[in-house]
Amino acid sequence: RKADVFLQHKDGHRVPVSVKAIPLMNQNGEIDGAIEIFTEINNDIAFKGNLERLQKEASEDGLTKVPNRKYLSALIESKLREYKAVGVRFGINFIDIDNFKRINDTYGHPIGDEVLKMLVKTVSANLRKHDVIGRLGGEEFVIVYSDLDTDGLKVASEKTRKIIEASTLRLESGDLSITVSVGATLALETDTVESLIERADVLMYESKKNGKNRVTYENQ
């Protein structure tokens, strides 16, 4: 048995201690006694572990385990500073799953959650090492592509759309496929985090209006 307890130190204060008891058996299989092992709990290690866990929870989407809106905003802010300082350009995709409400209504929210996780796994497995996908919320995602130009953004965006369209979620009733509408834009020196995401969002809605399952680019 194991338990965490507070024992009194010889100086009078209480010390957190992990106690582990190991039974000693005789030849008849009966317990004759026990060995107890006392280990002082290092509060610094526990504190650091809890802090790392809390930091991860604060920056990670609970369902898909990718960066959340807060982390994405900080990442884009960092990329903007880098671009303005040394000219390393980057771009983003604003991605929205087509007809996601219909999926939830037809198959239920648990299947909808599996669709979100499938999209993340599919995209993550096909991104370059320095590119990042994160979840804004609901069925909306953002991909941050590092160090590319207009042509590179078009190639990466179309690849993302195609691999999502080619992916399926296996259900008892059959395979479930999805498509996405995407807005793609490069960052400008005058951009803020909000202006960049908003511009990509507007482009994504152009994709929705023009038939879905497509990428709309800004002419830059």
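A polar contact is a pair of N or O atoms within 3.5 Å; within protein, one of them must be able to donate a hydrogen and the other to accept it. I wrote that down before anything else, and I also noted that this is a predicted model.

**Entry: K208**

I started with K208 and looked for its polar partner. The side chains of K208 and D98 are joined by a polar contact of 2.9 Å. K208 sits in helix α6, which covers residues 193-209. Is K208 buried or exposed? I found a relative accessible area of 18%, and because buried means under 20%, K208 counts as buried. Then I listed what K208 touches, leaving out residues up to four places away in sequence: D96, I97, D98 and S181. So D98 turns up in my notes on K208 both as a polar partner and as a residue in the contact list, because a contact means heavy atoms within 4.5 Å.

Next I went to helix α5, residues 150-166, where T160 lies. T160 has a relative accessibility of 4%, so I put it down as buried. Which side chain does the side chain of T160 meet in a polar contact? My note says Y145, at 2.9 Å. Setting aside neighbours within four places in sequence, I found T160 in contact with N93, I95, V123, I143 and Y145.

I143 is on that list, and I followed it up. I143 belongs to strand β6, residues 140-146. Its relative accessible area is 0%, so I143 is buried. Beyond residues up to four places away in sequence, I143 touches G91, I92, N93, I95, V123, L127, V132, I133 and T160.

I found an open sheet of 5 strands in the order β5-β6-β4-β9-β10, with mixed pairing.

Strand β9 (residues 180-186) runs parallel to β10, and 3 bridges join them. A184 has its bridge partner in β10, namely Y217.

**Entry: the sheet of 3 strands**

Then I turned to another open sheet, which has 3 strands in the order β1-β2-β3 and antiparallel pairing. Its edge strands are β1 (2-8) and β3 (31-40), each pairing on one side only. Ignoring direction, neighbouring strands of this sheet are turned by 40° against each other on average. How many bridges pair β1 with strand β2? I noted 7 bridges between β1 and β2 (residues 14-25), in the antiparallel sense. Q8 stands opposite R14 in β2.

**Entry: helices α3 and α4**

I wanted a helix pair too. Two packed helices are described by the angle between their axes and the distance between the axes. For α3 (residues 100-107) and α4 (residues 109-124), the axes come within 7 Å and cross at roughly 135°. That makes α3 oblique to α4. On the α3 side, the contact is made by F100, I103, N104 and Y107; on the α4 side, by H109, I111, G112, V115 and L116. Sorted by class, the contact has 6 nonpolar, 3 polar and no charged residues.

**Entry: two positive phi values**

My last look-up was about backbone angles. Most residues other than glycine have a negative phi. K65 has a positive phi, near 65°, and is a residue other than glycine. Where does K65 lie? I placed it in the loop between α1 (43-59) and α2 (69-86). With 54% relative accessibility, K65 counts as exposed.

D147 also has a positive phi, near 50°, in a residue other than glycine. D147 is in the loop between β6 and α5. Is D147 buried or exposed? At 57% relative accessibility, I count D147 as exposed.

Conventions: Residues are numbered from 1 along each chain as its sequence is written. This is a predicted model: local features need pLDDT of at least 70, side-chain atom pairs count only at pLDDT 80 or more; totals for chains, interfaces and linings use all residues. Side-chain values use heavy atoms; hydrogens and water are left out. Helices (H or I, at least four residues) and strands (E, at least two) are DSSP runs, numbered from the N terminus. Buried means under 20% relative accessible area, exposed over 50%, partly exposed in between (1.4 Å probe, protein chains only). Axes are lines fitted to C-alpha atoms, for helices over the stretch in contact, and angles run from 0 to 180 degrees between N-to-C directions. Angles under 35 degrees count as roughly parallel, over 145 as roughly antiparallel, 65 to 115 as roughly perpendicular and the rest as oblique. Ala, Val, Leu, Ile, Met, Phe, Trp, Tyr, Cys and Pro count as nonpolar, Asp, Glu, Lys and Arg as charged, and the others, Gly among them, as polar. Two strands pair if DSSP finds at least two bridges between them.
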